[in-house]
Amino acid sequence: MLYGMRVLIVEDDALVADAIRSGLAASGFAVDHVGSAEAARIALRHENFDLIVIDLGLPVADGFSLVQRLRADGLTLPVLILTARDALADRVNALDLGADDYLVKPFELPELAARCRALIRRSTSALSANLSCGSLEVDLARRQASVAGASIELTRREWAIIECLLLHVGQVVSKDKLQQAIASWDEVLTPNAIEVYISRLRAKLGVGVHIRTVRGLGYRLEETEK
């Protein structure tokens, strides 16, 4: 498992969607799926996603229309087009309408996961897969973390939280954002789940880095004195 961000798949073929969802989930993403452009817009109004993967051949309103509408609505999350259409005109049109990347089917799941990671990093200005804060160093691609040079082991959800905090280092990340980063619609979290994971992470991080609670707002990852 390599990542822990939230992805929305917009694909009307249930078998294809399930394969993509399973592949991305195996790489550590929290993944949800809808089958139409309208369902995607509804989901985006009520949930926070870090990336949206869109098939062009959607019913009623196609993928082009959805990308155009999302950008017109002011949504800036990364958009990856995943389609069987390989014509140059389609690629140019999708990118001109506001898509950030274009991948033609058939594809390899490791490449899709890598493109998703790259797009999310780029959207948070984290251009490298190697992130750090104080004594904490994390390699997102290899899923390796260390504090003061010593390796630490993290569970999937601990990874999701620490990655989310690192990608927004110095900023306050809300509890709701963290909850949505670690669980898709069909995963149930207890009311105090985030507090439990934060407590476990603090014990593993030790000196040089700290997850600070900002009362009423959320959590912030910051460097401390060693």
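Ala, Val, Leu, Ile, Met, Phe, Trp, Tyr, Cys and Pro count here as nonpolar, Asp, Glu, Lys and Arg as charged, and the others, Gly among them, as polar. The model is predicted, so local features need pLDDT of at least 70 and side-chain atom pairs count only at pLDDT 80 or more, while totals for chains, interfaces and linings use all residues. Residues are numbered from 1 along each chain as its sequence is written, and side-chain values use heavy atoms, with hydrogens and water left out.

Let's start with empty space. Rolling a probe the size of a water molecule over the atoms shows where such space is left. A pocket is found on a 1 Å grid over the protein atoms alone, as an open set of points where a 1.4 Å probe fits, with protein on both sides within 12 Å along at least five of seven lines. Grid points are joined across faces, edges and corners, and a volume is the space filled by probe spheres set on the points. The largest pocket has a volume of about 320 Å³. Its lining (residues with an atom within 4 Å of a point) has 15 members, and Phe 49, Asp 50, Leu 77, Pro 78 and Lys 177 are the closest to the centre. Sorted by class, the lining comprises seven nonpolar, five polar and three charged residues.

Next, the interior. In soluble globular proteins, nonpolar side chains tend to be buried together. Buried means under 20% relative accessible area, exposed over 50%, and partly exposed in between (1.4 Å probe, protein chains only). A nonpolar core is a set of buried Ala, Val, Leu, Ile, Met, Phe, Trp, Tyr and Cys residues joined through side-chain atoms within 4.5 Å. The largest such core has 50 residues, and those with the most contacts inside it include Leu 24, Leu 136, Ile 161 and Ile 211. Helix 6 (residues 156–167) gives this core its largest share, eight residues; helices (H or I, at least four residues) and strands (E, at least two) are DSSP runs, numbered from the N terminus. Another core, of 22 residues, lies apart from it, with Leu 58, Val 79, Ala 94 and Ala 99 among them. Leaving aside neighbours within four places in sequence, Ile 211 is in contact (heavy atoms within 4.5 Å) with residues including Ile 162, Leu 165, Leu 205 and Tyr 219.

What about the cysteines? A disulfide is a pair of cysteine sulfur atoms within 2.5 Å, and by this rule the count is zero. The sulfur of Cys 133 is too far for a bond, because the closest cysteine sulfur, in Cys 164, is 14 Å away. Cys 133 is buried, at 8% relative accessible area, and Cys 164 is buried at 0%.

The backbone has some details to look at too. Lys 105 and Pro 106 are joined by a cis peptide bond, with omega about -5°, and Pro 106 sits in the loop between strand 5 (101–104) and helix 5 (109–123). Val 60, although not a glycine, has a positive phi of about 65°; this exposed residue, at 94% relative accessible area, is in the loop between strand 3 (51–54) and helix 3 (63–72). Ala 148 has a positive phi near 55°, is exposed at 63%, and belongs to the loop between strand 8 (144–147) and strand 9 (150–152).

Finally, find Arg 21 in helix 1 (residues 14–26). Arg 21 is partly exposed, at 24% relative accessible area. Arg 21 and His 33 are 12 residues apart in sequence and 7.6 Å apart in space, C-alpha to C-alpha.
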